[in-house]
Amino acid sequence: MKILVTGAAGFVGKNLVETLKCAADGRDKFHGLDEDIVIYEYDRDSSLEELDKYCSDCDFVFNLAGVNRPKDTSEFMEGNFGFASTLLDTLKKHGNTCPVMLSSSIQATLLGRYAGSDYGKSKLAGEELFFKYEQETGAKVLVYRFPNLFGKWCRPNYNSAVATFCNNKANGLEITVNDPSTELTLVYIDDLVNEMVDALRGNEHRCDYDDDGQVVADTAGRYCYVPVSHNVTLGEIVELLDSFVAQPTTLMMPAIPNGSFAKKLYSTYLSYLPKDKACFDLKMNVDNRGSFTELLKTANHGQFSVNISKPGITKGQHWHHTKWEFFIVVSGHGLIQQRRVGVDENGNPYPMIEFEVSGEKIQAVHMLPGYTHNIINLSDNQDLVTLMWANELLEQDRPDTYFEKV
């Protein structure tokens, strides 16, 4: 299959092209495509001769080219309607009736704050041109009205508030929010690309629009849409970004459930981090026995730490009422001992249970509630490195930790 992507160097184009490349050569099993794929990349630096060649034998067209921030508003019509006309005329010239996708905008509804938008008018004109082309040639046309988009590689200070906010927060720059309650409808780039691959396979999602410009899913609809979107206020975006900025200091990881806007925003934010913020120091608590360092905290799922014990050192010798932990030795050779606190019905101490552990065979050992426990470095010359997870955060005024030798 030969796929033409116009606007290939833009935000959406670059993400789509890289996904198609990974799917074509087997690196991306999720989007894996069975056929051999050739990708024709067309952008503003390409020639009309190249466009002519690509249109002569392509099997699918993603038309992502367009003008967002021209020097003069008249360029909207030239860049959006004009190029669309050139593309369709070139396909006609070669009698190529392959499916054609158009990247339009929700501004094409010309409703509400979009009324009178020159950009919206140019996009609407492009849509009508494509629908007319569909009637004349019988080619399949897929018109997508995208809302606000965000994700990696999106250009800040251009046409995405989210990209600008992420870039500024990542780089310690100020942002301005006039009305935190302003709500945006946002589509994440990976969700958009997933829909593009579905469209390539003939499984696009169809819709129409109601009188308020809202999507109404309809398998026979005139338009297409990305089925996953998020409605979020500017205030919520800034609050999340502030928590991301604070994470290296607090170690607190915000809740980022799978599929959530927070998870997608965090990935976007990280893509703007400068080198000096991509690495940060952690506080090592060091003494003559080794060190203990907290790595990561979560609001609902405990915290992670790393413990380093010098040769021959025993650490622990305490128990918890409710807290429990995993000890995972990743380097060195050690012994974990545990004993239930108290005595049995005969007045005898409960038996000790032992686990010999090593970085050569990584295992997770439960530190059981109500059992005093320790970890001993059995090596004479090698540090014992243990990754530890506790099911709750340490509360300084109520640590639930009680000294007692195993």
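The axes of helix 1 (residues 11–24) and helix 6 (residues 189–200) come within 10 Å and cross at roughly 60°. This is a predicted model, where local features need pLDDT of at least 70, side-chain atom pairs count only at pLDDT 80 or more, and totals for chains, interfaces and linings use all residues. Residues are numbered from 1 along each chain as its sequence is written, and side-chain values use heavy atoms, leaving out hydrogens and water.

**Exercise 1.** Describe how helix 1 lies against helix 6, and sort the residues of their contact by class.

*Step 1.* Start with the elements: helices (H or I, at least four residues) and strands (E, at least two) are DSSP runs, numbered from the N terminus. Axes are lines fitted to C-alpha atoms, for helices over the stretch in contact, with angles from 0 to 180 degrees between N-to-C directions.

*Step 2.* The axes of these two helices cross at roughly 60°. That makes helix 1 oblique to helix 6. Here, angles under 35 degrees count as roughly parallel, over 145 as roughly antiparallel, 65 to 115 as roughly perpendicular, and the rest as oblique.

*Step 3.* From helix 1, the contact (heavy atoms within 4.5 Å) takes in Phe11, Val12, Asn15, Leu16, Thr19 and Leu20, and from helix 6 it takes in Ile189, Leu192, Val193, Met196 and Leu200.

*Step 4.* Ala, Val, Leu, Ile, Met, Phe, Trp, Tyr, Cys and Pro count as nonpolar, Asp, Glu, Lys and Arg as charged, and the others, Gly among them, as polar.

**Exercise 2.** Work out how helix 5 is placed against helix 7 and against helix 8.

*Step 1.* Helix 5 (residues 161–170) packs with helix 7 (residues 234–250) at an angle of about 25°, their axes 10 Å apart. That makes helix 5 roughly parallel to helix 7.

*Step 2.* Helix 5 brings Val162, Phe165, Cys166 and Lys169 to this contact, while helix 7 brings Leu234, Ile237, Val238, Leu241, Asp242 and Val245. By class, the contact of helix 5 with helix 7 holds 8 nonpolar, no polar and 2 charged residues.

*Step 3.* With helix 8 (residues 261–270), helix 5 packs at an angle of about 60°, with the axes 8 Å apart. Helix 5 and helix 8 are therefore oblique to each other.

*Step 4.* Val162, Cys166, Lys169 and Ala170 of helix 5 meet Leu265, Thr268 and Tyr269 of helix 8. The residues of the contact of helix 5 with helix 8 divide into 5 nonpolar, 1 polar and 1 charged.
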